[in-house]
Amino acid sequence: MLGIFLDTETNGLDPFSHRVLEIAFKLIDLKTGVFIDSYEAIVCLTDKEWESSDPVSLQVNGFTKEKMARGKSKEEVSSEIQACFAKHNIQRGKAVFICQNPSFDRPFFAQLIPPMIQEKKLWPYHWLDLASMHFATALTKGKKAPWETGLSKDKIAVAYSLPEEKKPHQAINGVDHLLACYEAVVGFSNS
């Protein structure tokens, strides 16, 4: 089973009016923890899409119009992700998405690859979240209660004596931090 450890950076919080600016993922064998492949890209927005940006979101991720303008078209990013998934035979039952907040990342991912294309390719529809993994682990292994430690990725990291994510947020840094937290919380079954 492969884990698709994924993170996005966006120009706001609303997937109906904001757009994905950056996406990154790493494919990891969940039994061994072995790295399989990775992908990262900045997505170039239209002027109208950029104008809808939320300044607070841009402050969090450090994106500027100049940085965004060096990105690739949405179509190019979509094509590259599809090629990577085809290369590694990503299909449901053989892979799952793992994110800090899939309810956020999934609709922005759908801006790049619409759900009907994902369904046609039989891609995984399970999007797992780190906070739930931490919640269950903390309760079953006698760790400090998750509502006392917090459920943000940075709070989870601190609970496991890991550093917080590098700032400003970048998708690949988010993926690397997610992987470190996942390994501390869940681990890999054969490592």
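I began with Trp127, which counts as buried at 11% relative accessibility (buried is under 20% relative accessible area, exposed over 50%, partly exposed in between, with a 1.4 Å probe and protein chains only). The model is a predicted one, where local features need pLDDT of at least 70, side-chain atom pairs count only at pLDDT 80 or more, and totals for chains, interfaces and linings use all residues. I number residues from 1 along each chain as its sequence is written, and side-chain values use heavy atoms, with hydrogens and water left out.

**Rings**

I looked up the partner of Trp127 next. Phe97 and Trp127 form a stacked aromatic pair, 3.9 Å centre to centre with 10° between the planes. For such pairs, ring centres of Phe, Tyr and Trp (its six-membered ring) lie within 6.5 Å; planes under 30 degrees apart are stacked, over 60 edge-to-face, and the rest tilted. Phe97 lies in strand 4 (residues 95-99) and Trp127 in strand 5 (residues 127-129), so the pair ties together parts that are 30 residues apart in sequence. Helices (H or I, at least four residues) and strands (E, at least two) are DSSP runs, numbered from the N terminus. Phe97 is buried, at 0% relative accessibility. I found a count of 12 aromatic pairs. Ring pairs join Phe97 and Trp127 in a cluster with Phe25, Tyr39, Phe85, Phe109 and Trp123.

**Helix 7**

Which residues of helix 7 (residues 130-140) are buried? I noted Leu130, Ala131, Met133, His134, Thr137 and Ala138. Seen down the helix axis, these buried residues fall within an arc of 160°, so they line one face of helix 7; the arc is that of the directions from the helix axis to the C-beta atoms. Their cover includes strand 4, strand 5, helix 8 (146-149), helix 9 (153-159) and helix 10 (171-185). Just after helix 7, Gly142 has a positive phi of about 65°.

**Pro15**

I placed Pro15 in the loop between strand 1 (2-10) and strand 2 (20-29). Pro15 is partly exposed, with a relative accessible area of 23%. Leaving aside neighbours within four places in sequence, Pro15 is in contact (heavy atoms within 4.5 Å) with Pro107, Phe108 and Gln111. The C-alpha atoms of Pro15 and Phe108 are 6.0 Å apart, although 93 residues separate the two along the chain.

**Cysteines**

How many disulfides are there? I count zero, taking a disulfide as a pair of cysteine sulfur atoms within 2.5 Å. Cys84 is in no disulfide, and the nearest cysteine sulfur, that of Cys99, is 15 Å away. Cys84 is buried at 9% relative accessibility, whereas Cys44 is partly exposed at 30%.
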